[in-house]
Amino acid sequence: MQDTKKFIENLSGAGKSIGVLTSGGDAQGMNAAVRAVVRMGIYVGAKVFFIHEGYQGMVDGGDNIKEASWESVSSMLQVGGTVIGSARCKDFRTHEGRLRAALNLVQRGITNLCVIGGDGSLTGANLFREEWSGLLDELVQSCQISEEASQTHSALHIVGMVGSIDNDFCGTDMTIGTDSALHRIIEVVDAIMTTAQSHQRTFVLEVMGRHCGYLALVSALACGADWVLIPEMPPKDGWEEQMCHKLSENRADKKRLNIIIVAEGAIDQNNKPITTELIKDLVVRCLGFDTRVTILGHVQRGGTPSAFDRILASRMGVEAVLALLEASPGTPACVVSLCGNQAVRLPLMECVQMTQEVQKAMDEKRFEEAVKLRGRSFENNLNTYKLLSHRKMNAELPRSSFNVAVLNVGAPAAGMNAAVRSAVRVGITEGHTVFAVSDGFEGFSKGQIKEFKWGDVGGWTGQGGSLLGTKRTLPAKHIDKIAEQMRIHNINALLVIGGFEAYLGLLELQAARSKHAELCVPMVMVPATVSNNIPGSDLSIGADTALNAITDTCDRIKQSASGTKHRVFIIETMGGYCGYLATVGGLASGADAAYIYEEPFDIRDLQSNVEHLTEKMKTSIQRGLVLRNENSSENYTTDFIYQLYSEEGKGVFDCRKNVLGHMQQGGAPSPFDRNFGTKIAAKAMQWISKKLKEFYREGRVFANTEDSACLLGMRRRALVFQPVIQLKDETDFVHRIPKEQWWLRLRPLMKILAKYKTSYDVSDSGQLEHIVRLRAKDISAI
């Protein structure tokens with residue numbers, strides 16, 4: 001670790017010029033990345049140039065390379081595709097083309113390039129960098145540039161961001177555009193499900209992804225598809241029979257529809273393509289089911305970017321500028337990417353080589369190795385899918401004598417049902433009897449407990465709210481009755497899915513163990529709340545769906561404000577005392593300010609925000625957006641801020657206010673929440689199985705240690721089990737928030753992108769890591 005903190009104020013871009021281009025296939029979120037590069041570049045004093053039409057614009061020069069201004073990237077955040085254009089460029093593949101590109105860059109003093117594209121675009125950029133000094137020598141010899149210009153521009157620095165809906169680039173968990181593409185797929189699947197159910201149909205859907213099965217795999221997880229076909233896991237011989245058997249089994253279990261998802265690059269064991277038509281003919285021939293084919297095509301590339309993609313692209317854009325500022329002539333070209341919740345920099349060519357190795361492994365039929373090379377995220381998704389998809393007959397199940405109870409606690413959060421479905425099915429697969437508790441701890445005390453079978457949770461992934469029913473009631477006042485119900489139903493383990501009340505509830509249950517032996521069982525909590533205020537976890541199920549609801553509403557409000565001009569909207573978000581939704585929603589919707597409890601503000605701050613907006617109204621961007629967390633201040637209420645802005649802005653702008661309320665809790669869960677809920681609940685149930693074996697002594701389960709009551713949370717790059725008792729010191733119980741929150745580091749980003757001078761700690765940045773390479777012997781050991 002570094003001893004000294006590093007701040008943005010100490011990094012200067014004065015005298016530097018940065019070129020930003022989008023290349024290859026377009027992806028939603030590219031515009032957010034361009035906007036972040038432009039604004040961060042201008043903020044640090046550099047000049048930033050748009051390079052229109054990708055590498056073609058760099059080769060052609062002229063008006064294709066234009067200096068960007070702060071206002072020129074306004075209103076880009078919510079637009080899909082790429083505003084600056086993208087093109088496949090044959091000229092850049094020739095030496096002559098790259099020579100012309102080098103001349104165009106030197107003439108404008110550009111020696112820093114930010115390339116947003118796929119592996120082909122980034123490989124081209126790296127070759128350009130390697131040839132740079134030779135290209136300059138040629139230009140000097142042909143008298144197109146002076147020797148002095150060649151010296152001044154002697155090094156070309158390159159930073160890449162991966163913009164691709166396919167998520168096929170090794171080294172990054174998520175590429176820009178992937179989450180938005182999943183949104184498009186899931187919107188279509190949800191719509192198809194209603195019509196399929198009406199007619200008892202089977203639908204075969206083809207999704208994009210070229211040679212990568214990520215979109216198919218995650219959308220299959222997120223909608224509970226009956227079967228999925230991806231290039232990395234070709235089905236074994238005899239798969240046709242197996243698939244038809246599973247489809248007819250599901251129909252027999254009163255399921256009125258079947259969904260089969262096929263990746264466009266799907267192949268069999270002999271590398272022969274598996275097409276949607278082949279699947280349709282197979283189902284019709286073997287089962288006689290009414291079957292339809294839907295090919296999603298370019299719908300997946302279109303539409304507005306999701307909140308996740310906007311935040312990812314904004315974070316990556318800022319990180320890219322920092323990487324360019326810190327680059328020295330010897331720094332290799334790097335890619336800025338996301339690992340877990342952490343921004344990282346990786347050598348570009350290491351990532352490209354690993355990406356190429358995946359294809360090589362697949363061509364050589366080393367499919368298991370290809371899955372490992374795809375990375376941790378892909379592998380986890382595949383393992384979870386396998387765990388949930390293969391319903392075994394009772395005779396095949398490992399029978400345990402254990403009973404596990406699953407319940408929801410706290411306010412409803414989108415994704416809770418996906419987590420319950422996953423927990424029930426993994427529990428059954430592990431051989432347990434799974435009981436579902438209705439209405440939280442209150443329902444538990446009243447004995448609202450019912451055994452759930454595999455089919456009882458069919459179709460739950462896409463449902464919003466909590467189908468089990470959930471209440472905020474804490475267990476302490478019902479502890480005797482809960483212990484009695486635990487005894488009656490012989491409950492050996494508890495899985496609690498919920499918010500802050502679930503966390504408090506687990507602490508209360510653990511404290512009551514000394515009086516009630518029935519509570520001495522393994523207990524685990526999975527965080528699910530829109531507020532994202534749970535200690536021990538960077539993210540909660542439901543927060544992503546709420547963010548998308550906020551972002552969608554803000555987009556509409558901004559559109560309305562653009563029409564009327566000179567208008568500022570004050571928007572109140574949920575979250576209790578936790579400012580996550582206001583801050584990250586502000587970053588995703590391009591807000592001018594976000595008021596939160598964690599960052600105290602006074603009348604001077606409000607005055608400075610009004611002055612800032614007054615200045616903004618003099619530019620071409622004549623609208624404002626201000627977010628306020630519901631509990632950010634006892635006295636500076638939404639009404640107060642609205643009245644203050646209205647009074648102080650008289651004659652310059654008028655104000656409107658909007659309280660978003662419970663719409664943030666409702667709606668169908670986003671693909672991220674479905675996937676996150678599914679994976680985290682599956683992991684929690686596997687932990688329960690392990691602990692049950694560990695604590696089974698003399699015919700009964702007895703667990704009384706600290707580590708037998710845990711919270712499973714996402715910490716930076718991994719899912720971690722943490723004893724709830726150890727999280728007490730990290731908790732502000734009065735305001736129901738963790739004492740330290742990672743997203744507070746994103747606040748300066750929001751301020752910088754809204755043109756405020758601020759202090760930004762960049763100590764976390766600047767660590768060039770190496771991609772973890774798997775050798776053959778390591779793969780066999782995993």
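Tutor: We'll go through charged pairs, then a sheet, then rings.

Tutor: This is a predicted model, where local features need pLDDT of at least 70, side-chain atom pairs count only at pLDDT 80 or more, and totals for chains, interfaces and linings use all residues. Residues are numbered from 1 along each chain as its sequence is written, and side-chain values use heavy atoms, with hydrogens and water left out.

Student: OK. How many salt bridges does the structure hold?

Tutor: It holds 34. A salt bridge here is a side-chain nitrogen of Lys or Arg within 4 Å of a carboxyl oxygen of Asp or Glu.

Student: Which residue does Arg628 meet in a salt bridge?

Tutor: Glu572, at 3.7 Å from N to O. Arg628 is in strand S19 (residues 623–629) and Glu572 in strand S17 (residues 567–573), so the pair ties together parts 56 residues apart in sequence. Helices (H or I, at least four residues) and strands (E, at least two) are DSSP runs, numbered from the N terminus.

Student: Are Arg628 and Glu572 buried or exposed?

Tutor: Both are buried. Buried means under 20% relative accessible area, exposed means over 50%, and partly exposed is in between (1.4 Å probe, protein chains only).

Student: And what does Lys751 form a salt bridge with?

Tutor: Glu599, with the closest N and O atoms 2.7 Å apart. Lys751 lies in helix H24 (residues 747–753) and Glu599 in the loop between strand S18 (593–595) and helix H20 (603–616), so this pair ties together parts 152 residues apart in sequence. Lys751 has 21% relative accessibility, so it counts as partly exposed. Glu599 is partly exposed too, at 29%.

Student: Which residues are linked in a network of salt bridges?

Tutor: Asp166, Asp168 and Arg210.

Student: New topic. In what order do the four strands of the open sheet come?

Tutor: S7-S8-S6-S9, and the pairing is parallel. Two strands pair if DSSP finds at least two bridges between them.

Student: Which strands stand at the edges?

Tutor: Strand S7 (227–229) and strand S9 (291–295). Each has a single partner strand, so one side of each is left without a neighbour in the sheet.

Student: How many bridges pair S7 and S8?

Tutor: Three, in the parallel sense, with S8 covering residues 258–263.

Student: Now rings. How many aromatic pairs are there?

Tutor: The structure holds 17. Rings of Phe, Tyr and Trp (its six-membered ring) pair if their centres lie within 6.5 Å; planes under 30 degrees apart count as stacked, over 60 as edge-to-face and the rest as tilted.

Student: What about Phe92 and Phe128?

Tutor: Those centres are 5.2 Å apart and the planes are at 70°, so the pair is edge-to-face. Both Phe92 and Phe128 are buried. Ring pairs link Tyr55, Phe92, Phe128 and Trp132 into a cluster.

Student: Last one. Which ring does the charged end of Lys757 sit over?

Tutor: The ring of Tyr43, 4.3 Å from its centre. A charge sits over a ring if NZ of Lys or CZ of Arg is within 6 Å of the ring centre and within 35 degrees of the ring normal. Arg251 lies over the face of Phe289, at 4.3 Å from the ring centre.
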